[in-house]
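Please read the following briefing alongside the sequence and the coordinates. It moves from the overall fold to individual side chains.

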Amino acid sequence: HGQGPGGRLTLLLGAWREGRLVYLGRVGSGVGAREEEALMRRLRPLRRATSAVTGVPADDRREATWVEPRLVAEIDYAGWTGE
């Protein structure tokens with residue numbers, strides 16, 4: 001996870017593909033302040049020094065705090081972007 005525009009939480013998402021965790025993209029909207037605080041409490045003990053996800057672009061890696069891939073998120077989206 002990292003900080004998005006306005007200091008809001010941005011999640012960097014990955015998924016298991018052919019036995020490895022690959023980068024899917026980032027999401028930052030739709031998380032209210034209360035949910036963000038609860039999520040941060042769950043993520044803090046999962047911190048790790050390096051990414052478990054392959055293929056994360058340098059711009060997304062720069063401000064990231066890495067966590068063990070133990071939580072599963074259900075994300076609603078309108079579609080995939082080119083990035």
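Throughout this briefing, a residue is called buried when its relative accessible area is under 20%, exposed when that area is over 50%, and partly exposed in between, using a 1.4 Å probe and protein chains only. By that scale, Ala52 counts as partly exposed, at 29% relative accessibility. The model is predicted, and local features need pLDDT of at least 70, while side-chain atom pairs count only at pLDDT 80 or more and totals for chains, interfaces and linings use all residues. Residues are numbered from 1 along each chain as its sequence is written, and side-chain values use heavy atoms, with hydrogens and water left out.

**Fold and surface**

- The protein chain contains two helices and three strands, where helices (H or I, at least four residues) and strands (E, at least two) are DSSP runs numbered from the N terminus.
- Along the sequence, these elements of the protein chain are arranged in the pattern β-β-β-α-α.
- Of the 83 residues in the protein chain, 27% are buried.
- The protein chain exposes about 6,400 Å², of which carbon and sulfur atoms supply 48%; such accessible areas come from the Shrake-Rupley method with a 1.4 Å probe, and for residues only the protein chains shown count as cover.
- Taking a contact to mean heavy atoms within 4.5 Å, and looking at contacts in the protein chain between residues at least 6 apart in sequence, 47% join residues at least 24 apart.

**Confidence**

- The mean pLDDT of the protein chain, pLDDT being the predictor's confidence in each residue from 0 to 100, is 83, and 83% of the residues reach 70 or more.
- Confidence is lowest in strand 1 (residues 2–3), with a mean of 51, whereas helix 2 (residues 58–61) has the highest value, at 89.
- Where pLDDT is low, the predicted coordinates should not be read in detail.

**Salt bridges**

- The structure holds three salt bridges, each defined as a side-chain nitrogen of Lys or Arg within 4 Å of a carboxyl oxygen of Asp or Glu.
- One of them joins the side chains of Arg26 and Asp60, at 3.4 Å from N to O; Arg26 lies in strand 3 and Asp60 in helix 2, so this pair ties together parts that are 34 residues apart in sequence.
- Within that pair, Arg26 is exposed, with a relative accessible area of 53%, whereas Asp60 is buried, with a relative accessible area of 14%.
- Another salt bridge links Glu68 with Arg48, with the closest N and O atoms 3.5 Å apart; because Glu68 lies in the segment after helix 2 and Arg48 in the loop between helix 1 (33–43) and helix 2, the pair ties together parts that are 20 residues apart in sequence.
- Glu68 is partly exposed at 26% relative accessibility, and Arg48 is partly exposed too, with a relative accessible area of 27%.
- A salt bridge of 3.1 Å, N to O, also brings together the side chains of Asp59 and Arg62, and both Asp59 and Arg62 are exposed.

**Surroundings of Asp60**

- Not counting residues up to four places away in sequence, Asp60 touches Leu12, Tyr23 and Arg26.
- The side chains of Asp60 and Tyr23 are joined by a polar contact of 2.4 Å, a term that stands for a pair of N or O atoms within 3.5 Å, where within protein one must be able to donate a hydrogen and the other to accept it, and where residues adjacent in sequence count only if both atoms are side-chain atoms.

**The two sides of helix 1**

- Glu36, Met40 and Leu43 are buried in helix 1; seen down the axis of helix 1, its buried residues fall within an arc of 65 degrees, so they line one face of the helix.
- That arc is taken from the directions from the helix axis to the C-beta atoms.
- An α-helix has 3.6 residues a turn, so residues three or four places apart point the same way.
- Strand 2 is included in what covers the buried residues of helix 1.
- On the face of helix 1 turned away from its buried side are the exposed residues Arg34, Glu37, Arg41 and Arg42.

**Loop positions**

- Ala52 lies in the loop between helix 1 and helix 2 and, not counting residues up to four places away in sequence, touches Leu21 and Pro69.
- The C-alpha atoms of Ala52 and Leu21 are separated by 6.8 Å, although these residues are 31 residues apart along the chain.
- Glu18, in the loop between strand 2 (9–17) and strand 3 (20–27), has a positive phi of about 50 degrees although it is not a glycine.
- At 87% relative accessibility, Glu18 counts as exposed.
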